[in-house]
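Please read the report below alongside the sequence and the model.

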Amino acid sequence: MSNTDNETKQFDCSRGCTVERADSGELECNYRQGCCKLEVYNWLSGVNQEQYKDFFEVRFKNTRKGIYVNASGQTIKTGDLVIVEAATGHDLGIVTLEGPVVARQMICKKVDPASCEFKKIYRKAKPFDIEKWQEAIAREHNTMIRSRQIAAELNLEMKIGDVEFQGDCTKAIFYYIADGRVDFRQLIKVFAEEFRIRIEMKQIGARQEAGLIGGLGVCGRELCCSNYISSFRSITTSAARCQDLSLNPQKLAGQCGKLKCCLNYETAAYMDAQSRIPKVSNPLEFQDGLAYLMKVDVLREVMYFSYDQNSFANLFPLDASEVKQVMRMNRNGEKPESLKSEPVPSSPEFVSAVGDDSITRFDESKKRRKGGRRNNNRKPGKKKNVNG
């Protein structure tokens, strides 16, 4: 691709497409799957199912998308720009899913195709529709900046996070965040006079805002809220406590300022492992003294004890099942011989992909010269015995 093509092509990551002007002057928009937020891989591609042949997933800006039924009579496929039904007027979106996988999406979103009234796909978008759509998109950023200024002038405790214009440029959705109830009747009146467009206010949470904006997490991957999470569950510090994580707000908080969604990923595994670990409130009694619990490896289900309550120097590991057995013996008045005789469990060792080779195996080895320098240090009169 030439430099000229790179300059004319624009990447719209909020809608998952590229926009460029063709040589004929016509505006072309092409679907770019990798840019889409909440992208779903069509693992049933090529599979035909007559029941769901007219259902399509249509994507709009950022995480907004929906299931639409094809009422146009035209052949529609993934990547097509289509004109769809809206509450007022019509909207323009990109078809991102087709076929049986759309039925799986309906099940995930708890949509019953028998009782739900789906909005319609009117037709494929024409060049005139795409031109008007791009004009509406060009107004979004300036509208968002100006709307924030107006909200500040009216002393409203709210933050406008994003603005989305409808494809026919007749309505705009203002996504806002607020801790409490906001009376924005005056705000809507000012917006209507300022922007000359129908206004829809939609309240979102901090996590939903992070999904709209997108970004990379500390793990180096795309934010989960913009990658695949569509329903947000409540997250508490108990999820961090059961995983023995440090309760440091700076480390536990994500880019949205709330607790990270990934704290819930391994919580179930930790809770399952903790259910098999006994609660030790008193030291274990052995014939050679008392053993105090010092730390617990939850996932390996190993508990470490020490005869010195104030020292981590000499720790003796015991499996959770063995600790239960010792506690049962102590309740019956019995004492095991000693904790020191217990075998230390072997810890897993790291093995590289190429084996146990040294990382310096490709370096040139420094060979010692057997000639000159060693011979020069010999005492005079002493000859080398060639025959050994």
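What follows is a description of selected features of this structure, which is a predicted model.

## The cavity

The structure holds 1 cavity of 30 Å³ or more, and the space in the largest cavity comes to about 30 Å³. Its lining is made up of Arg-15, Phe-60, Asp-91, Leu-92, Trp-133, Glu-164, Phe-165, Gln-166 and Gly-167. Two elements give two or more residues to this lining, namely strand E7 (90–98) and strand E9 (159–165). By residue class, the lining of the largest cavity divides into 4 nonpolar, 2 polar and 3 charged residues.

Phe-60 takes part in an aromatic pair with Tyr-68, and Leu-92 is one of the residues touched by Asp-129.

## The largest pocket

About 930 Å³ of space lies in the largest pocket. This pocket is lined by 38 residues, of which Leu-38, Thr-63, Arg-64, Lys-65 and Lys-109 are the closest to its centre. Two or more residues of the lining come from each of strand E5 (65–70), helix H2 (100–108), E10, strand E11 (198–203), helix H6 (206–213) and helix H7 (224–227). Of the elements concerned, E5 gives the most to the lining of the largest pocket, with 4 residues.

The lining of the largest pocket divides into 17 nonpolar, 10 polar and 11 charged residues. E10, which is among the elements that give two or more residues to this lining, is also a pairing partner of E9.

## Strands E9 and E10

Strand E9 is largely enclosed by the rest of the structure, because 6 of its 7 residues are buried. E9 and strand E10 (residues 171–177) run antiparallel and are joined by 6 bridges. Within this pairing, Ile-160 has Tyr-176 in E10 as its bridge partner.

The two strands form a hairpin with 5 residues between them, and Cys-169 lies in this loop between E9 and E10. Which backbone angle of Cys-169 is worth checking in the model? Phi of Cys-169 is near 65 degrees, which is a positive value in a residue other than glycine. Cys-169 has a relative accessibility of 23% and therefore counts as partly exposed.

Glu-301 is found in the loop between strand E13 (289–297) and strand E14 (302–306). Phi of Glu-301 is near 60 degrees, again a positive value in a residue other than glycine. With a relative accessible area of 21%, Glu-301 is partly exposed.

Leaving aside residues up to four places away in sequence, Asp-129 touches Ile-83, Leu-92 and Arg-123.

Asn-330 is found in helix H11 (residues 320–331). Is Asn-330 buried or exposed? Its relative accessibility is 18%, so Asn-330 counts as buried, since the cut-off for that class is under 20%. When residues up to four places away in sequence are not counted, Asn-330 touches Leu-284, Glu-285, Lys-335 and Pro-336.

## Aromatic rings

A search of the whole structure finds 8 aromatic pairs. One of them joins Phe-60 and Tyr-68, whose rings are 6.0 Å apart centre to centre with 70 degrees between the planes, an edge-to-face arrangement. Phe-60 and Tyr-68 are both buried.

Why does the pair of Tyr-307 and Phe-316 count as edge-to-face? The ring centres of Tyr-307 and Phe-316 are 5.9 Å apart and their planes stand at 70 degrees, so the pair is edge-to-face, given that planes over 60 degrees apart fall in that class. Tyr-307 counts as partly exposed because its relative accessibility is 21%, whereas Phe-316, at 18% relative accessibility, counts as buried.

Key
Residues numbered from 1 in each chain as written. Predicted model: local features only at pLDDT ≥ 70, side-chain atom pairs only at ≥ 80, totals over all residues. Heavy atoms only, no water. 1 Å grid on protein atoms, 1.4 Å probe; cavity = no way out; pocket = protein on both sides within 12 Å on 5 of 7 lines; lining within 4 Å. Points joined across faces, edges and corners; volume = space filled by probe spheres on them. Nonpolar A, V, L, I, M, F, W, Y, C, P; charged D, E, K, R; others polar. Buried < 20%, exposed > 50% of the residue type's maximum accessible area, 1.4 Å probe, protein only. Pairing = 2+ DSSP bridges. Contact = heavy atoms within 4.5 Å. Phe/Tyr/Trp six-rings, centres within 6.5 Å; stacked < 30°, edge-to-face > 60°.
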